[in-house]
Amino acid sequence: MAGYLRETDFVMVEEGFSTRDLLEELTLGASQATTEEVAAFFVADLGAVVRKHFCFLKCLPRVRSFYAVKCNSSPGVLKVLAELGLGFSCANKAEMELVQHIGVPASKIIYANPCKQIAHIKYAAKHGVQLLSFDNEMELAKVVKSHPRARMVLCVATEDSHSLSRLSLRFGASLKSCRHLLENARRDHVEVVGVSFHIGSGCPDPQAYAQSIADARLVFEMGAELGHRMHILDLGGGFPGVEGAKVRFEEIASVINSALDLYFPEGCGVDILAKLGRYYVTSAFTLAVSIIAKKEVLLDQPGREEETGSAPKTIMYHLSEGVYGIFNSVLFDNTCPTPILQKKPSTDQTLCCSSLRGPAASGCDCIAEGLWLPQLHVGDWLVFENMGAYTVGMGSLLRGAQTCRITYAMSRVAWEALQGQLLPAEQDEDAEGMCKPLSCGWEITDTLCMGPVFTPASIM
Ligand code: PLP
């Protein structure tokens, strides 16, 4: 063990006890607390993060994993990933400081942001962070001035038009402009050591990785012709973080492995890495949020209170968190958060058309609509799974603002696997099997699906 993560950093979950039990205990405690302030909180299963990494090692044995800090910079996540030996991909000075603060050496940090502040480039130079990315001449010029010994990775645009969240609209040099950028770098004595890309998130076609790997090969050849010693290929992120994603991680990995064998065969001297965010953390975090207000409104005129008692109505629940905070994925990632209820409704209980809204007095603060839920009350808790990506620790971008408490948990079996950095024997057989017993054991939930056009809510 490298000593980044200690037993005191998390709740050790023994056999027979699950994160779900822990969450129930915590919501009960919060409901009985004498303080008036109702908050949202997370339970984070660090065992799930360990399990994901073992799965990664198994499926992509030639790829070194870096973690994209912007995705979730909470201390438990950074420590467990550092313990697993990952490198870190940082988007700014605050993120570099954060990972250096827990003891990660500069050699394991990449400053991967094609739009860098000069002060942050200087910070990287002063603190030994050597690997930086760029996709245009202006960035190159800034680095020449402020970090002349940097080793640069050229970030290339991808064909990401089918991805849910596209990055290449704003980032990445076109293949056409790569030669010119490589020539300018040569002229300015800047070392370009590799190529990176990001296929965007929610990409439905794993062939996008194969295409980008083929493109990267072309850029490597251009670089070599111009005298650059290119030896790093960075596959970026975009790998799914939830089970049941349209394209499974194993399927993507298989496409990547074949493309690597073709374009960057073993022994070619190229160091392959990837910068994953959501893959590691999405499913590890579960959120509990309480209802702070409730109102019945007319279905076709949301906001207008019911007067006659006969018109179709919807119940609007306001939660203590909304799309301007933890639920920002509704705006940026097109997600549809669906709650799990703590109390299973009885079969004779009527279900009402309901919507979930955040605390802001803004029409846009809408988390979910068209849910069929039993009557809930102010003070009730709703639970949301798969809430680990781009929800917490965005503080590194927002100057440290951190609103939610996080309780970290890990099963003893995951802790022992982490200490030995070994897969438990029975899990070594296939990557599928490996993805189960290390986590703290959320059970499959029943679902409440009352109509084809509405989003189902599920029962805890
Ligand atoms: N690398 C870069 C350059 C990114 O911008 C991002 C996310 O925006 C990531 C990696 C991580 O992506 P994901 O969370 O989809 O794995």
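**Barrel, ligand shell and a salt bridge**

Eight strands form a closed barrel in the order 3-4-5-6-7-8-9-10, with parallel pairing. Neighbouring strands of this sheet are turned by 30° against each other on average, direction ignored. Axes are lines fitted to C-alpha atoms. Strands are DSSP runs (E, at least two residues), numbered from the N terminus. Two strands pair if DSSP finds at least two bridges between them. The model is predicted: local features need pLDDT of at least 70, side-chain atom pairs count only at pLDDT 80 or more, and totals for chains, interfaces and linings use all residues. Residues are numbered from 1 along each chain as its sequence is written, and side-chain values use heavy atoms, with hydrogens and water left out.

Strand 6 (residues 131-134) and strand 7 (residues 151-155) run parallel and are joined by four bridges. Phe134 has Leu154 of strand 7 as its bridge partner.

The residues surrounding the ligand (a heavy atom within 4 Å) include Ala68, Leu167, His198, Ser201 and Lys275. By class, this shell holds four nonpolar, five polar (Gly among them) and three charged residues (Asp, Glu, Lys and Arg count as charged). Polar contacts are pairs of N or O atoms within 3.5 Å. A side-chain N or O atom of Lys70 is 2.7 Å from a ligand oxygen atom. For Tyr390, a polar side-chain atom lies 2.5 Å from an oxygen atom of the ligand. Arg278 uses a backbone N or O atom, at 3.0 Å from a ligand oxygen. Taken alone, the ligand exposes 400 Å², and the protein buries 88% of that (Shrake-Rupley method, 1.4 Å probe).

Salt bridges (a side-chain nitrogen of Lys or Arg within 4 Å of a carboxyl oxygen of Asp or Glu) number 13. Glu139 and Lys116 form one, at 3.0 Å from N to O.

Notes
Axes are lines fitted to C-alpha atoms, for helices over the stretch in contact, and angles run from 0 to 180 degrees between N-to-C directions. A polar contact is a pair of N or O atoms within 3.5 Å; within protein, one must be able to donate a hydrogen and the other to accept it, and residues adjacent in sequence count only if both atoms are side-chain atoms.
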